[in-house]
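Welcome! Let us walk through this structure together, one part at a time. Please keep the sequence and the 3D view open as you read.

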Amino acid sequence: MSAVCEKADPLEGIFGWPPGSRFSDIVELWHGHRTPIILCALVLLVVFRIYVHNFEEAGSLKKLPKRYEKEIEPSSANKQPNVSSFETPIVKPNGPRRIKGGIAKKPAAQENEEPDKSRPIKTMVFFSSVTTKTDKIARQYINTLGQSVDQLSRETERRFLKPELHDLSEIDFEDFFVSPAKTVENAHLFYLFLIPSYNIDTINDTLLQHLEETHHDFRIDTAPLASLLGYSVFGFGDKEGWPNEADGYCFQATELDKWMSKLTGRKRAYPVGMGDMKSDHSKRFKEWTWGVQEAIAHVASTGSLGEGVPGSGDAIESDAEDAAEEDDGALLIEGDVSSGDKEFSRPLDDVEDLGRMIRTADSDGKKAPPPVDFTSHGSPSTKERRPTAPVIKEMVAKNSPTYAALTKQGYSIVGSHSGVKICRWTKSALRGRGSCYKYSLYGINSHQCMETTPSLSCSNKCVFCWRHGTNPVGTTWRWVVDPPEMIFEGVKENHYKKIKMMRGVPGVRAERYAEALRIRHCALSLVGEPIFYPHINEFLAMLHAERISSFLVCNAQHPDQLAALKAVTQLYVSIDASNKDSLRKIDRPLHRDFWERFQRCLDILREKRFRHRTVFRLTLVKGFNVEDEAEGYAQLVERGLPCFVEVKGVTYCGTSTSSNAGLSMSNVPFYWEVCEFVKALEQRLQAKGLQYGIAAEHAHSCCVLLASERFLVSGRWHTHIDYERFFELLEERGPDGDWTPEDYMGAPTPEWALWGNGGFDPRDDRVDRKGRKIENVVVREAPPPESW
Ligand SMILES: Cc1cc2nc3c(=O)[nH]c(=O)nc-3n(C[C@H](O)[C@H](O)[C@H](O)COP(=O)(O)O)c2cc1C
Ligand code: SF4
């Protein structure tokens with residue numbers, strides 16, 4: 001008998017399976033057909049989802065509570081929104097804002113768009129206030145602003161609407177900062193912010209957080225406010241509690257400025273201003289409002305914020321570019337000029353090259369004096385003796401490669417032979433990142449200094465010159481001479497234009513920017529030889545008439561012009577070597593009697609030492625003019641008896657021209673090497689009974705100042721200049737005036753600038769390329785050999 005017991009399926013009969021069908025059969029069926037079954041189920045699901053979506057689109061999404069929405073305080077519950085305007089309020093559609101998707105992009109094309117001048121302009125002023133001080137200032141300001149835009153309406157073609165005032169604690173940020181606010185008149189908007197800083201939680205934090213989130217929101221363009229005409233921020237703070245920015249002074253204004261710059265695609269119309277509520281706030285605020293008003297006027301008449309502002313910050317902001325420049329003429333680290341524009345990249349080492357490219361230039365009626373021969377050797381070339389009428393050419397004609405090369409390097413060419421360029425230190429000082437050594441040594445504010453030359457041409461081809469590959473050279477002035485008035489007006493105009501381009505650069509301080517709009521100093525040392533220009537004295541007189549001081553650097557090759565030079569605030573002669581051989585190698589002079597010229601210049605300087613503040617400028621190039629030359633330099637000092645000896649390490653420019661001249665980084669001395677040299681020179685001077693001492697330094701520029709003890713008064717160095725006194729003396733006694741440098745000696749050299757203290761501007765912070773603060777470490781002694 002079969003003992004097989006058939007086990008009944010437990011699911012038999014359940015779920016309506018026919019009796020007799022077994023569970024294992026179904027499992028088998030599933031295993032056999034699971035792929036098509038899953039696919040069918042998925043298709044059904046997708047069809048169902050599409051169906052539901054199409055029929056329910058009109059339904060509203062749920063609005064999530066905003067994190068920054070403030071709880072309405074009982075006192076302000078019934079307050080009306082704080083909008084000072086006669087404009088009809090915009091009726092907002094109900095429901096949440098729909099954010100357009102899309103990849104975030106920069107508003108690059110915007111700048112080229114033709115501004116729509118038919119749209120009116122409206123300024124919106126946003127403020128926050130806890131203890132009501134900013135509130136009061138904002139309310140006063142909105143009235144003044146209203147009057148000034150009314151005036152602008154009359155003066156320009158643009159229509160201005162009455163400005164609006166918004167208390168940040170009473171508005172919905174989404175209406176203003178996710179995209180520009182909407183107005184019934186479709187106005188073009190300008191945003192201004194007045195905010196006090198608080199290190200406690202206030203509406204400022206909410207706003208800043210909102211701006212940051214908007215910027216990072218992947219659904220929104222990174223610059224959703226780019227269609228604003230511009231913006232600017234003014235911060236109020238308290239210097240007593242927060243003495244400087246590093247301690248948090250006005251930190252929220254800076255932060256707000258940063259986010260607004262990102263959201264608007266760099267439409268900073270004016271630098272962020274800051275005022276200490278307990279001291280200078282009204283002065284600073286007034287300066288800022290003037291600047292803002294100018295920016296609004298500019299935008300009204302031109303439709304844009306001007307060169308250098310929206311979206312064009314890269315070149316100016318780049319710290320790499322900053323590093324690519326050095327100060328006034330010594331040497332620069334810079335890209336090879338010859339890279340890129342091949343057509344214009346050929347270096348111009350010779351005046352003959354110029355002859356080939358210069359066009360005739362007497363057509364515009366410029367005065368063309370007979371060529372002046374500066375050299376005592378050689379006779380006019382056969383070409384010049386030809387009976388044909390001489391054609392006076394332009395030194396740097398607009399269509400020449402020299403012009404193209406110089407403008408590419410950032411020069412503005414004025415007329416046909418003058419240039420102006422905003423120097424690295426001017427930019428740095430505008431951003432509170434330190435001034436040049438002339439601030440430490442002589443009290444020159446870099447942001448008020450114009451660097452220019454009335455002659456781009458020079459009679460040397462120094463190995464370390466950062467421009468000799470592109471600037472013209474020659475021993476005689478054989479070009480059209482531009483009138484000094486034209487040069488003076490032209491260089492000022494171009495300098496200011498370049499300063500104004502800094503308006504939109506992050507970190508520019510409103511206070512310094514306002515000061516920079518008044519040139520106080522002129523460094524005639526850019527490139528070329530300023531006393532080569534036949535009307536240099538007239539040009540100097542124009543500077544002085546506007547109370548602009550003059551620091552003139554010449555190359556000790558034009559004794560007659562040096563002798564005829566009238567008063568300058570400080571007169572430099574470059575002393576690039578201590579002996580004839582070394583000078584020939586380093587300066588590569590075009591004059592055959594260069595050494596005699598050089599020595600005559602020293603004698604002239606000696607004669608002038610009781611009229612001018614005379615300075616020897618030594619540029620140390622390792623391997624060329626340092627080793628064993630201290631004694632030679634001491635002899636030159638003995639001959640010229642300058643008031644000061646400025647010693648500076650060369651900076652490598654890395655151009656093909658400098659490497660062709662045999663220069664490399666190994667020629668750049670370390671600061672301690674400069675210091676060793678200066679100490680050796682001081683000893684030699686003292687050994688000769690010359691009374692000089694090491695007075696001051698600016699380690700950042702590798703620069704040390706030796707001064708005659710004429711400037712050591714009661715044991716204290718007085719290297720700074722009393723500029724106002726200099727102008728008074730000039731006005732009283734004329735440019736040939738009978739006065740001595742001691743008559744306009746300034747206050748004692750500040751403690752921080754004295755030798756041994758580094759010379760860093762205590763008002764500013766040094767930063768690296770990424771804007772991080774750098775500690776000021778100075779190495780004045782040779783490190784132990786093992787660390788070399
Ligand atoms: C609690 C508190 C925190 C502050 N924090 C800062 C700060 O971090 N930085 C700063 O520059 N000022 C700070 N201040 C100063 C205010 O910004 C300054 O007094 C301002 O004028 C106040 O403007 P208001 O009256 O419009 O609120 C603070 C003031 C207070 C009372
Ligand atoms: S002297 Fe003037 S131009 Fe020269 S580096 Fe200093 S700030 Fe610039």
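Predicted model: local features only at pLDDT ≥ 70, side-chain atom pairs only at ≥ 80, totals over all residues.

Strands here are DSSP runs of E with at least two residues, helices are runs of H or I with at least four, and both are numbered from the N terminus. Two strands pair if DSSP finds at least two bridges between them.

Residues are numbered from 1 along each chain as its sequence is written, chains are lettered from A and ligands numbered from 1 in the order in which they are written, and side-chain values use heavy atoms, with hydrogens and water left out.

G419 has T453 as its bridge partner in β9. M450 is 46 residues away from Y496 in sequence, yet their C-alpha atoms are 9.1 Å apart in space.

Y496 itself is found in helix α14 (residues 484-500). Apart from neighbours within four places in sequence, Y496 is in contact (heavy atoms within 4.5 Å) with A516, L517, R518 and I519.

Now turn to another open sheet, this one of 5 strands in the order β2-β1-β3-β4-β5, with parallel pairing. Its edge strands, β2 (164-167) and β5 (273-276), each pair on one side only. Neighbouring strands of this sheet are turned by 20° against each other on average, direction ignored. Strands β1 (residues 121-127) and β3 (residues 188-196) run parallel, with 7 bridges between them. One example is I121, whose bridge partner in β3 is H188.

Helix α5 (residues 251-264) touches β3, β4 (230-237) and β5, and its direction makes about 170° with that of β4. Helix α6 lies across β1, β3, β4 and β5, running at about 175° to β4.

These helices also have helix partners. The axes of α2 (residues 133-155) and α6 (residues 281-302) are 11 Å apart, and the two helices pack at an angle of about 30°. They are therefore roughly parallel to each other, a term for angles under 35 degrees. On the α2 side, the contact includes I137, Y141 and L145, and on the α6 side F285, W288 and V292 are among the residues taking part. By class, this contact has 9 nonpolar, 4 polar and no charged residues. Here Ala, Val, Leu, Ile, Met, Phe, Trp, Tyr, Cys and Pro count as nonpolar, Asp, Glu, Lys and Arg as charged, and the others, Gly among them, as polar.

Helix α5 has a partner in α4 (residues 203-216): their axes come within 10 Å and cross at roughly 25°. That makes α4 roughly parallel to α5. Among the residues making the contact are L207, L208 and L211 of α4 and L256, W259 and M260 of α5. The contact of α4 with α5 divides into 7 nonpolar, 5 polar and 4 charged residues.

Two loop residues deserve a stop. R547, in the loop between α16 (536-545) and β12 (549-554), has a positive phi, near 55°, and is not a glycine. At 21% relative accessibility, R547 counts as partly exposed. S714, in the loop between β18 (712-713) and β19 (716-717), also has a positive phi, near 50°. S714 counts as exposed, at 73% relative accessibility.

Finally, step back to the whole protein chain. Its secondary structure comes to 23 helices and 19 strands. Of its 788 residues, 52% count as buried.

Technical notes: Axes fitted to C-alpha atoms, helices over the stretch in contact; angles between N-to-C directions. Parallel < 35°, antiparallel > 145°, perpendicular 65-115°, else oblique. Buried < 20%, exposed > 50% of the residue type's maximum accessible area, 1.4 Å probe, protein only.
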